[in-house]
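Please consult the sequence and coordinates alongside the text.

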Amino acid sequence: MSEPAFPIPADRAAAGFAGAGLACRRGERLIFSRLDFALKPGGALILVGPNGSGKSSLLRLMAGLTPAWRGRLSWDGADIAADREAHRARLHFIGHADAVKPALSVEESLRFWAGMRAGAGDEPRDSAAVLAQFGLETAARLPCRYLSAGQKRRLALARLIASPAPLWLLDEPLTGLDRDAAAQLLAAIAAHRRQGGSVALSTHAPLDLGDAAELSLAAFRPTRQEIGEAVEA
Amino acid sequence: MSKFSLLVARDLRLALRQGGDAAMVIGFFVLTVILFPFGVGPEPQLLQRIAPGIIWVTALLAALLSLERLFQADYEDGSLEALVLLPLPLEAQVLAKCLAHWLVTGLPLTLVAPLLGLLLHLDLAGYPALVLGMALGTPILSLLGAIGAALSLGARRGGVLLSLMVLPLYIPVLIFGVAAVEAESAGLAARPHLLLLAALLLAALALVPFAAAGALRQAVE
């Protein structure tokens with residue numbers, strides 16, 4: 001099948017992260033189609049929609065974990081497929097799983113991920129200060145097996161600020177967080193956006209991010225004809 | 001510290017803290033070899049004749065035991081997703097994980113093998129070929145095993161599937177490993193067999209990272 005061209009509209013091509021004509025297929029099932037989004041530097045995008053509407057799939061697609069069935073993603077106007085490694089270097093993706101090893105201590109875990117993501121010229125950030133931002137300073141030496149579900153979530157989110165990246169992709173980041181931790185996350189997102197970073201996140205809880213754009217996945221249900229094409233392809 | 005060595009250090013630390021895997025591999029190796037004199041009888045000539053085969057076959061099975069966990073734990077707790085999304089090429093990460101795996105399984109197996117040779121009356125001339133052969137052969141076991149471990153991610157009873165995929169691939173290593181020891185005992189040169197093992201190792205080093213990285217990308221998709 002020939003891939004139709006999806007030109008990025010001129011007003012979006014300039015700066016930031018954008019997707020045009022995106023469709024996502026899992027197995028034979030088409031989850032959404034004809035989805036466009038634009039995320040400018042400093043912008044925020046909240047993905048809403050019922051369970052199964054494709055919020056996680058869209059975030060995985062943005063991260064490059066899953067290929068788009070149709071459409072394309074671009075960063076500052078350049079197709080991300082052209083340089084996958086550069087795209088991976090510019091994003092943080094926090095999915096449902098926390099990627100926390102029971103045998104490592106909180107500090108070791110954070111240091112490992114920060115070290116693996118560090119760019120050539122990055123100053124290593126003080127891990128104690130990073131942990132303090134998410135209320136984990138007293139748990140720094142503790143093996144992760146003793147952490148509660150909420151603390152593991154906090155540790156996963158602490159990776160966001162342990163190494164800098166302009167794009168944050170967060171899948172249900174509030175799951176398991178108490179009110180304090182949710183406030184700390186909102187503060188981290190606000191600081192990130194002030195520095196020109198952008199964030200896309202999915203959530204079911206109402207979330208106050210100021211001027212964030214809301215993207216309702218329910219609006220991009222595939223048509224009957226597209227579902228047929230997805231089964232045949 | 002480079003990102004490559006950071007990943008090796010993390011896998012080593014995990015393996016040593018959890019302890020179980022490495023100790024289990026060596027324990028299995030030693031105990032299984034000890035079973036043979038009980039099973040086939042203690043005649044020195046017979047044991048001497050079959051010693052290289054027993055040691056190599058048991059080493060293959062012992063290495064196989066630990067392979068299932070190579071990517072499984074990272075897959076289950078979400079670390080694999082985060083690793084795939086790192087700016088470091090996944091192929092390099094596969095090599096780092098194989099190196100860490102070899103350091104906690106293949107290297108101890110190589111060091112223990114001569115002691116088990118004593119137990120089985122292995123011919124004195126065969127020891128250098130046994131140790132050299134194991135040193136060249138066990139990294140191949142870790143590398144080929146990585147392909148199987150990556151392909152069986154997410155499968156039910158992945159361990160059994162892994163054995164079925166990987167054991168046939170181990171046959172060349174077994175053939176040349178045993179042949180090297182037997183050649184030395186028969187007064188012939190072990191060198192050609194060891195060179196063939198070295199060639200297999202180089203080929204595995206060059207090709208495995210791409211195959212395993214492809215399978216890992218498929219697994220997290």
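Does A:Glu172 count as buried, partly exposed or exposed, judged by its C-beta neighbours inside 10 Å? The count is 19, and A:Glu172 is therefore classed as partly exposed, since a buried residue would need 20 or more. The model is predicted, and every value below is computed from it.

**Residues with positive phi**

- A:Glu172 lies in the loop that links β7 (167–171) to α7 (179–194) of chain A.
- Although A:Glu172 is not glycine, its phi is positive, near 50°.
- A:Asp76 is likewise a residue other than glycine with a positive phi, near 50°.
- The loop between β4 (70–75) and β5 (78–79) of chain A holds A:Asp76.
- A:Asp76 has 11 other C-beta atoms within 10 Å and is therefore exposed, the limit for that class being 12 or fewer.

**Overall form of chain A**

- Chain A contains eight helices and nine strands.
- For its 233 residues the globule rule gives 17 Å, and the radius of gyration of chain A is close to this at 18 Å, so the chain is as compact as a globular protein of that length.
- Along the principal axes, the C-alpha atoms of chain A occupy a box of roughly 55 × 35 × 35 Å.
- Buried residues make up 43% of the 233 in chain A.
- Among contacts in chain A with a separation of 6 or more, 74% join residues 24 or more positions apart.

**Interface between chains A and B**

- The interface brings 19 residues of chain B into contact with 19 residues of chain A.
- On the side of chain B that touches chain A, α1 (3–18) and α5 (79–84) each supply at least two residues.
- The most is given by α1(B), with seven residues.
- This side of chain B comprises ten nonpolar, three polar and six charged residues.

**Packing of α4(A) against α1(B)**

- Helix α4 (residues 106–117) of chain A packs on α1(B) at an angle of about 155°, and the two axes are 9 Å apart.
- The pair is therefore roughly antiparallel, a term that applies to angles over 145 degrees.
- The crossing of α4(A) past α1(B) is left-handed.
- From α4(A), the contact involves A:Phe112, A:Gly115 and A:Met116, while α1(B) contributes B:Lys3, B:Leu6, B:Leu7 and B:Arg10.
- By class, this helix contact has four nonpolar residues, one polar residue and two charged residues.

How values were computed. Residues numbered from 1 in each chain as written. Chains lettered and ligands numbered in written order. Predicted model: local features only at pLDDT ≥ 70, side-chain atom pairs only at ≥ 80, totals over all residues. Contact = placed C-beta atoms within 7 Å. Helix = DSSP H or I, 4+ residues; strand = E, 2+ residues; numbered from the N terminus. Nonpolar A, V, L, I, M, F, W, Y, C, P; charged D, E, K, R; others polar. Rg over C-alpha atoms; globule rule 2.2 N^0.38 Å. Axes fitted to C-alpha atoms, helices over the stretch in contact; angles between N-to-C directions. Parallel < 35°, antiparallel > 145°, perpendicular 65-115°, else oblique. Left-handed = near helix turned anticlockwise from the far one by under 90°.
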